[in-house]
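Work through the exercises below with the sequence and the 3D view at hand. Try each task before reading its solution.

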Amino acid sequence: MAPAAISADGAAVLDPSVRVMPPGEGIPAKYVAFSGIWGGRLDGMYDGKLAVLTISRGGNVSAIYAWGDVADNKPGVADGEGKIFGNTLKLRRLPNGADVSAVMQADGTLTVTYGLADRTYTGTFTKQ
């Protein structure tokens, strides 16, 4: 279970205890590129963080997604599982109802899409 996110200023917060497991041998480089803690802003104003914690040889991942204030949704954090298909990481629907996907760009950034309540937010995340 993800440690709680507490933010007085509406920012996305990952607990400092969150640790990324280095991908093991045999994991394809295109999957390894997703490993780590990423952060950025959705629509230039909504804070988000994605921690890709583990990656399997088949592209399955465990992750934590933290969001700041997004419309009427207060800051929070949720465990997630998903899969990498080509250059896209798609998480299963989060407990708050959000859908998250991340597309690896040629420059090593992620284009993250966060869909919630019939609204879609997009932004560029960089490795932290």
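The exercises cover aromatic pairs, nonpolar cores and strand pairing.

This is a predicted model, in which local features need pLDDT of at least 70 and side-chain atom pairs count only at pLDDT 80 or more, while totals for chains, interfaces and linings use all residues. Residues are numbered from 1 along each chain as its sequence is written, and side-chain values use heavy atoms, with hydrogens and water left out.

**Exercise 1.** Classify the aromatic pair formed by Y46 and Y121.

Solution. Start with the rule: rings of Phe, Tyr and Trp (its six-membered ring) pair if their centres lie within 6.5 Å; planes under 30 degrees apart are stacked, over 60 edge-to-face, and the rest tilted. Under this rule there are three aromatic pairs. For Y46 and Y121 the centres are 5.3 Å apart and the planes stand at 85 degrees, so the pair is edge-to-face. Next, place the residues: Y46 is in strand β2 (residues 46-55) and Y121 in strand β8 (residues 119-127), 75 residues apart. Strands here are DSSP runs of E with at least two residues, numbered from the N terminus. Both Y46 and Y121 are buried, that is, under 20% relative accessible area (1.4 Å probe, protein chains only).

**Exercise 2.** Describe how Y65 and Y114 are arranged.

Solution. Their rings are 5.5 Å apart centre to centre with 25 degrees between the planes, a stacked pair. Y65 belongs to strand β3 (residues 60-67) and Y114 to strand β7 (residues 110-116), so the pair ties together parts 49 residues apart in sequence. Y65 has a relative accessible area of 0% and is buried; Y114 is also buried, at 0%. Finally, ring pairs link Y46, Y65, Y114 and Y121 into a cluster.

**Exercise 3.** Which residues have the most contacts inside the largest nonpolar core?

Solution. A nonpolar core is a set of buried Ala, Val, Leu, Ile, Met, Phe, Trp, Tyr and Cys residues joined through side-chain atoms within 4.5 Å. The largest has 29 residues, and L50, Y65, L89, L110 and Y114 have the most contacts inside it. A second, separate core of eight residues includes L53, I64, A66 and V77.

**Exercise 4.** Find the strands that pair with β1, and their sense.

Solution. Strands pair if DSSP finds at least two bridges between them. β1 pairs with β2 in the antiparallel sense over seven bridges, and G36 stands opposite V52 in β2. β1 and β2 form a hairpin with three residues between them, where D43 in the turn has a positive phi of about 55 degrees. Three bridges join β1 to β8, also antiparallel; here G39 faces T126.

Conventions. Helices (H or I, at least four residues) and strands (E, at least two) are DSSP runs, numbered from the N terminus. Buried means under 20% relative accessible area, exposed over 50%, partly exposed in between (1.4 Å probe, protein chains only).
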